[in-house]
Amino acid sequence: MQKIKNLIHSKVPFGEIAVITRTNREVEDWTSFLEKNEIRVESKIDTNILNSPFVEFLVDLINVVKDPFIHGEKTINVSRHPIFELEHLDVLKILR
């Protein structure tokens, strides 16, 4: 935080100062923190985490666990996900 204040006091243009975060939650925390310290914030967040491939995978996984026989294609896609580290042949054996 102090480094950002020093940059501002040194007349570094706002467009050349950035805080890069790993998660959307961190962006919210930083935005709140900076605004409380009267530092202007411009966020580049334009994504919805709920539309991310991993969240879609989790929703499919929940549906497959709930009823694996109703979701044939989803069952295949979920079982082929790298998180399970299954070989393609093993997936076929499981699904026969």
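Author: From the N terminus on, the elements of this predicted model run α-α-α-α-α. The chain's radius of gyration is 22 Å, well over the 12 Å that the globule rule gives for 96 residues, so the chain is more spread out than a compact globule. Along the principal axes, its C-alpha atoms fill a box of roughly 65 × 25 × 15 Å. Buried residues account for 16% of the 96 residues. The accessible surface is about 8300 Å². Carbon and sulfur atoms supply 57% of that surface. Take contacts between residues at least 6 apart in sequence: 29% of them join residues at least 24 apart.

Now zoom in on α3. This helix covers residues 53–66, 14 residues in total. From first C-alpha to last, α3 reaches 20 Å, close to the 20 Å expected at 1.5 Å a residue. Its buried residues are F57, N63 and V64. They cover an arc of only 125 degrees around the axis, which puts them on the same side of α3. That buried set packs against α4 (72–79). The face turned away from the buried side carries the exposed residues I62, V65 and K66.

H71 sits in the loop between α3 and α4. Leaving aside residues up to four places away in sequence, H71 touches N63 and V64. Both N63 and V64 are among the buried residues of α3. V41 is another matter. H71 and V41 are 30 residues apart in sequence, and C-alpha to C-alpha they are 45 Å apart in space.

Key: Residues numbered from 1 in each chain as written. Predicted model: local features only at pLDDT ≥ 70, side-chain atom pairs only at ≥ 80, totals over all residues. Heavy atoms only, no water. Helix = DSSP H or I, 4+ residues; strand = E, 2+ residues; numbered from the N terminus. Expected span 1.5 Å × (residues − 1). Buried < 20%, exposed > 50% of the residue type's maximum accessible area, 1.4 Å probe, protein only. Arc of directions from axis to C-beta. Contact = heavy atoms within 4.5 Å. Rg over C-alpha atoms; globule rule 2.2 N^0.38 Å. Areas by Shrake-Rupley, 256 points an atom, 1.4 Å probe, with all protein chains shown as cover.
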